[in-house]
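User: I have just opened this structure and would like a short tour. Could you take my questions one at a time?

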Amino acid sequence: KFCACSKHECGRKILLWAVCFVILFAGFAANLPDKLSSQGVKNFDSWSNDIMISDLMYLQHYGPDTALQKSIAPPDLQQVYGTEIDASRLQIQVFEEGKTFPKEIFKKYDSNVTIQRFLYAFLDRVLPVNNATLLLVLKGLNCALLAGMAAAVVCWLGSITHPVFSPVAAVILAALCPNFTMYRTNLYWFGGSLFVPMVVSILLVRSKVFQTAAPKKQFTLLASAAFLSCLFKQLVYFEFVSTVMVAMTIPVFYWLFAEQKSVREGLRAGVRCIGAQVAGAAGSFVVAVAIRFALQIKDYGWQRAMEISTENFMLRILGNAQTQSESILESYEAGYLEVLGKMFRATCFALGDYALSFGQLTGAVALLAVLYLVVRTWKKPQTPSRTWNAHLMITCLSLLAPLSWFVLAKPHTYVHGRHCTFVWFVPFVIVAVVFSMETIVRLLKTVCASHPDKAALSVEG
């Protein structure tokens, strides 16, 4: 009843999603980019991962005696056990052995709510396994969530272009993208959460409930979905909030551009639908900040909670000119073009010693689109191009998703450049890959239009 397509078509979509999920999950489990290139990542951001492990350790041995998360950072352990130790390895070893550290080493973590820790704690209570197995389960859960969300996005893109593009895109993501697969098992970054608002938007816009609803009900549905999905994402962590909000609007923009019957109707629907998502997302931000502030008040009191909330927010957005940290001071002084240049030069695809940067991908996609437009104008094909125009539009819009965070949070992007490369995939790289495949097929079809026997490839629309 929820799905607008037929039962047979729905079954095919589920099967395609399952195929893409298996491809992605297998690639994540094997960490293929680490095996196929020199730029793979074996253990991404152990510092953040250790935050989640230390919280589980604390709950197991000391119980929930604070509203905030408990964490141990590498410097905390090195101060006690010496600077020569591998702090991350030591913490994992102690946890897997079912032991703990002295209570006074644990500190309160107040930068984010990290709602995923409640899921981890629940699984710890209900699963009859030792801690070593528990870590494998939690890493597998993160792999599955990221694979499932990414599979949903590539399948949606395949449904509006050609289904065969979906598994091809999944293979590329799983095998050639080290800065995408690096999030696969990190317990803190919970990579799949960044795709939740977009996937919810895809499911809603394509549902029978939404497509048959009156305009006022569509507004309510979109606002509610945006509020709940963005709230979930922000309760995981605040970082990349602008990226997921832009990504969330892409399925709606496509629906407006490709399926509305007239410009006037599309504009009216656009103001209503995008306005609903903006309202829901803005509301979620207010509620998420209020929840985090309430947790901080419980442990610190009003004054200290206000100082911490303001400091955490401003450090990511504006930086700090008074800090003693050299990297944070550099992030404050760095220009926007310098930060953007750094992010565009980062690696997107890697195979062996060869790599393609995000900037090179962006340039290649732009040149391919221009080439197709020139050939299309020259050949004047009979095949309508409305849907390709829509795909070009969402490709351009998807580029704004990562750029929004790079600009909004320049200091954070400068300091944590490797971490931030992941947002290129939410969803720009995925959209660009599918769009490029579609454009190449259309280009070949247009060039071969005068030779029907050579035009073996085709794309609907």
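User: Which helix holds Ala294?

Analyst: In this predicted model, Ala294 belongs to helix 14, which covers residues 263-300.

User: How accessible is Ala294?

Analyst: Ala294 is partly exposed, because its relative accessibility is 45% and that class lies between the cut-offs of 20% and 50%.

User: And how far is Ala294 from Ala67?

Analyst: Their C-alpha atoms are separated by 9.3 Å, although Ala294 and Ala67 stand 227 residues apart along the chain.

User: Changing topic: what is the volume of the largest pocket?

Analyst: The largest pocket holds about 950 Å³ of space.

User: How many residues line the largest pocket, and which lie nearest its centre?

Analyst: The lining consists of 32 residues, and those nearest the centre are Trp47, Tyr109, Ser111, Arg316 and His416.

User: Which element gives the most to that lining?

Analyst: Helix 15 gives the most, with six residues. Helix 15 spans 302-317, and at least two lining residues each also come from helix 3, strand 2 (107-109), helix 16 (326-333) and helix 20 (410-415).

User: What is the lining like by class?

Analyst: The lining of the largest pocket has nine charged, eleven polar and twelve nonpolar residues.

User: Now the backbone. What is the phi of Asp45?

Analyst: Asp45 has a positive phi of about 50 degrees, and this residue is not a glycine.

User: Where does Asp45 lie, and is it buried or exposed?

Analyst: Asp45 sits in the loop that runs between helix 2 (32-36) and helix 3 (46-62). Asp45 counts as buried because its relative accessible area is 16%, and the cut-off for buried is under 20%.

User: What about the phi of Phe240?

Analyst: Phe240, which is a residue other than glycine, has a positive phi near 70 degrees. The loop between helix 12 (215-236) and helix 13 (241-259) contains Phe240.

User: Is Phe240 buried or exposed?

Analyst: Phe240 is buried, with a relative accessible area of 0%.

User: One last item: which residues does the cis peptide bond join?

Analyst: The cis peptide bond joins Val426 and Pro427, with an omega of about -10 degrees.

User: And where is Pro427 found?

Analyst: Pro427 lies in the loop between helix 21 (417-420) and helix 22 (428-447).

How values were computed. Residues are numbered from 1 along each chain as its sequence is written. This is a predicted model: local features need pLDDT of at least 70, side-chain atom pairs count only at pLDDT 80 or more; totals for chains, interfaces and linings use all residues. Side-chain values use heavy atoms; hydrogens and water are left out. Helices (H or I, at least four residues) and strands (E, at least two) are DSSP runs, numbered from the N terminus. Buried means under 20% relative accessible area, exposed over 50%, partly exposed in between (1.4 Å probe, protein chains only). On a 1 Å grid over the protein atoms alone, a cavity is a set of points where a 1.4 Å probe fits but cannot get out, and a pocket is an open set with protein on both sides within 12 Å along at least five of seven lines; lining residues have an atom within 4 Å of a point. Grid points are joined across faces, edges and corners, and a volume is the space filled by probe spheres set on the points. Ala, Val, Leu, Ile, Met, Phe, Trp, Tyr, Cys and Pro count as nonpolar, Asp, Glu, Lys and Arg as charged, and the others, Gly among them, as polar.
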